[in-house]
Amino acid sequence: MDDAACAGKDPEVFFPVSESGAGLRQIAEAKHICARCPVAEACLDWALRTRQPDGVWGGMSTGERHAVRRPGRRARTTRGRAARRATAAR
């Protein structure tokens, strides 16, 4: 946690009220922070393992993590994939 790029940032950025409208701007801002984070992969792995229901973790939104967890999908991802998603969201 000490090495996380989100340390000291407003936590509300990482927990948008929706994945549309103003929530999309929050998600994009959170993903931008995650894209340069040295512990994003560990963060995302933890969020997937513990099935975090809300928020942006390791560069993935709630909906993206839900899609990854669906049966038949790979349960883990890499920081590179999360970073590419964050870049695409900008």
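Tutor: Helices (H or I, at least four residues) and strands (E, at least two) are DSSP runs, numbered from the N terminus. This is a predicted model, in which local features need pLDDT of at least 70 and side-chain atom pairs count only at pLDDT 80 or more, while totals for chains, interfaces and linings use all residues. Residues are numbered from 1 along each chain as its sequence is written, and side-chain values use heavy atoms, with hydrogens and water left out.

Student: Is Lys-31 buried or exposed?

Tutor: Lys-31 lies in helix H1. Buried means under 20% relative accessible area, exposed over 50%, and partly exposed in between (1.4 Å probe, protein chains only). With a relative accessibility of 4%, Lys-31 is classed as buried.

Student: With which side chain does the side chain of Lys-31 make a polar contact?

Tutor: A polar contact is a pair of N or O atoms within 3.5 Å; within protein, one must be able to donate a hydrogen and the other to accept it, and residues adjacent in sequence count only if both atoms are side-chain atoms. At 2.7 Å, the partner of the Lys-31 side chain is the side chain of Glu-64.

Student: Which residues of helix H3 are buried, and how wide an arc do they cover around the axis?

Tutor: Helix H3 spans residues 62–69, and its buried residues are Glu-64, Arg-65, Ala-67 and Val-68. They lie on the same side of H3, because the arc that they cover around the axis, taken from the directions from the helix axis to the C-beta atoms, is only 160 degrees.

Student: What distance separates the C-alpha atoms of Leu-24 and Ser-61?

Tutor: Leu-24 is placed in helix H1, and its relative accessibility of 47% makes it partly exposed. Along the chain, Leu-24 and Ser-61 are 37 residues apart, and their C-alpha atoms are separated by 9.8 Å.
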